[in-house]
Amino acid sequence: MNIVVLVKQVPDTATERKLRPEDNTLDRAASDGVINELDEYAIEEALLLKEKHGGEVTVLSMGPDQATDSIRKALSMGADKAVHLNDDALHGSDALQTAYALSKALGTLEFDVVVLGSESTDARTGVVGAALAEYLGLPQLTLAGKVDIEGRSIRIQRQTDYGHDVVEAELPAVVSVVEKINEPRYPSFKLIMQAKKKPVQKLTAAEAGIDVAKVGLNSAATEVVDAAAAPPRATGTVIKDEGDGGLKAAEFLAAKKFI
Amino acid sequence: MAVERRLPTPEAAELLELARELAEKELRPRAAEGERSAAFPRDVFRTIGRAGLLGLPYPERYGGGGQPYEVYLQVVEELAGEWLTVGLGLSVHTLACFPVAEFGTEEQRAELLPGMLGGESLGAYCLSEAHSGSDAAALSTRAEAVAPGAGPDAAGGYRVRGAKSWITHGGVADFYTLFARTGEPGSGAGGISCFHVPASAAGLAADPPEHKMGLNASPTAVVRFDDVAVPAGARIGAEGRGFTVALAALDSGRLGIAAGAVGVAQAALDLAVEHARQRRQFGRPIGEFQGVSFLLADMATQVAAARELYLAAARLRDAGRPFGTRAAMAKLFATDTAMRVTTDAVQVLGGSGYTADLPAERLMREAKVLQIVEGTNQIQRLVIGRDLLRQG
């Protein structure tokens, strides 16, 4: 089975993240790039599928040069090879354009299933999986908390607020995963060493057959017109205990309808 | 605070990054509760083993990581700073692998090392006895040769009787690297041999772990050998050469203790610095008082010096040069530094430093054991002093 796992490099959520003032796109120089957290679950699921059904795991990442670090991380977890879609023309692409570009890049690969995280920690649109399936004309199995493949049939548990739906489709298909699905493994030192020797194919927009008029900031369907920092959290209520501290705390909780 | 490290290769930098990640995500959240409950974290050793950390300084052809001591020791330092039970455990395991790796026959290495270094297996090092600590050559556990045909294998082999004390991983290890007397009682250093004994050997059993001042999640126990049959093929090195093996292993093991001590000291320093920045008294952070900042400056200087000293010894070792005296200096200085710095960190933190809510008091209790293990610091001074006078 050929499995493609999509990997995105995002700014480290532990550091301060900024937008570039000139075009409201991400300031990648301002913070360290790390692999999108949910993508680690996608990689783990891809590796588990490979361990169960055999085949190969290919990493596909769209991003600038520094995305190489996240590709290496995916390879050091155990993926077999990688394709890096990297082109200045792609800068500023929104979620729909990204899905389009990824669909073209996937057109250069043979695959039975595409696995991706259900959203990224930076833009958090959560639509790339669905849009990608539309562009590819393939079934979309989103928000998967469990994946089972039998023959050419794939069945997932789609996590919902009320529990889960069981959704089934024929391969090939696109699967987006939530963090409930597994526990991502750590890279091992041996795999880190081997990762250096694994092939990473560079792909330009033209090589992928991407119409550059349809991607990038200028033709994006959505535009970030403004951004504001979240207001600092208000300081809490301080109760001074003058013998009635317990009562006051209870009154506070009752007023908030906690008790 | 991340320590700035000069590493010899890009792969070493990635290894340290992996070690840092494991330390923060797997060790840090569990250390305090693990020590309180005194439960050995076997699963954490499996996790770091699968990540490839349990065989770092041994050759890749036997399943090791092929890393120089300079790199391996910095991994020990990173893990020890978050949880000494794991950092010291890594050092002890690596020590237990040393005799087979350095003194084993090609056949023994090929047979034993892949399992020992592969990550699923954990070792213990059995040298000390109740009446033989610093005076290791006085050990009395007997390995009696059995006549060919009567013993555990065709070549005869040995029957081992005795008890080993203060054994880290006693009762939880998968294999025991044992030093026992093959010569007559009183035969001294020349009558000792080294053996590789699997935990499954009949007659091998550990007592309940000691109740210690710190390092409680790491079991320290008496391991008893009650007529344990050991095949001749499990003897590492020539008969009677075991003490040489033990001392060579300890030279390297001391570096592991030095690195662990630096990790503990660095963790205490980081806590103290953070507290000195946050804690305000008399209208300003206490770090602005010279009495505190000078203390921090001395702590930081000693930690940095201790790190450079163990790295200098490691680089000598990696270059194939004699390093035993330098290793003794590194062990002595780094562990004395850890004791002083952790004590000072508790002082900087004041009352909160003395509570179990913060790791400062735990680090202070952990530091103490490092001045004792792998040769007390009095023995280190003996080693250094002897070497000085020999050179004259």
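Guide: What follows treats the interface, then a strand, then a loop residue.

Guide: This is a predicted model, in which local features need pLDDT of at least 70 and side-chain atom pairs count only at pLDDT 80 or more, whereas totals for chains, interfaces and linings use all residues. Residues are numbered from 1 along each chain as its sequence is written, chains are lettered from A and ligands numbered from 1 in the order in which they are written, and side-chain values use heavy atoms, with hydrogens and water left out.

Visitor: How many residues of chain B are in contact with chain A?

Guide: Contact means heavy atoms within 4.5 Å. By that rule, 17 residues of chain B are in contact with nine residues of chain A.

Visitor: What area do chain B and chain A bury between them?

Guide: The size of an interface is often given as the accessible area lost when the parts come together. Buried area is that loss (1.4 Å probe), summed over both parts. Here the two chains bury about 1,100 Å², 62% of it on carbon and sulfur atoms. In chain B, Glu11(B), Glu14(B) and Leu18(B) lose the most area to chain A, together 37% of what that side buries.

Visitor: What makes the pair of Glu21(B) and Lys73(A) a salt bridge?

Guide: The term requires a side-chain nitrogen of Lys or Arg within 4 Å of a carboxyl oxygen of Asp or Glu. The closest N and O atoms of Glu21(B) and Lys73(A) are 4.0 Å apart, and the pair therefore counts as a salt bridge. Between chain B and chain A the count is two salt bridges.

Visitor: Which residues of strand E1 of chain B are buried on each side?

Guide: Strands are DSSP runs of E with at least two residues, numbered from the N terminus. Buried means under 20% relative accessible area (1.4 Å probe, protein chains only). In E1(B), residues 123–126, Gly123(B) and Tyr125(B) are buried on one side, and Ala124(B) and Cys126(B) on the other.

Visitor: Why are E1(B) and E4(B) said to pair?

Guide: Two strands pair if DSSP finds at least two bridges between them. Four bridges join E1(B) to E4(B) (residues 175–181), so the parallel strands pair. The bridge partner of Ala124(B) in E4(B) is Tyr176(B).

Visitor: Why is Thr141(B) called buried?

Guide: Thr141(B), in the loop between E1 and strand E2 (142–145) of chain B, is called buried because its relative accessible area is 1%. Not counting residues up to four places away in sequence, Thr141(B) touches several residues, among them Val160(B), Ala163(B) and Ala180(B).

Key:
Buried means under 20% relative accessible area, exposed over 50%, partly exposed in between (1.4 Å probe, protein chains only).
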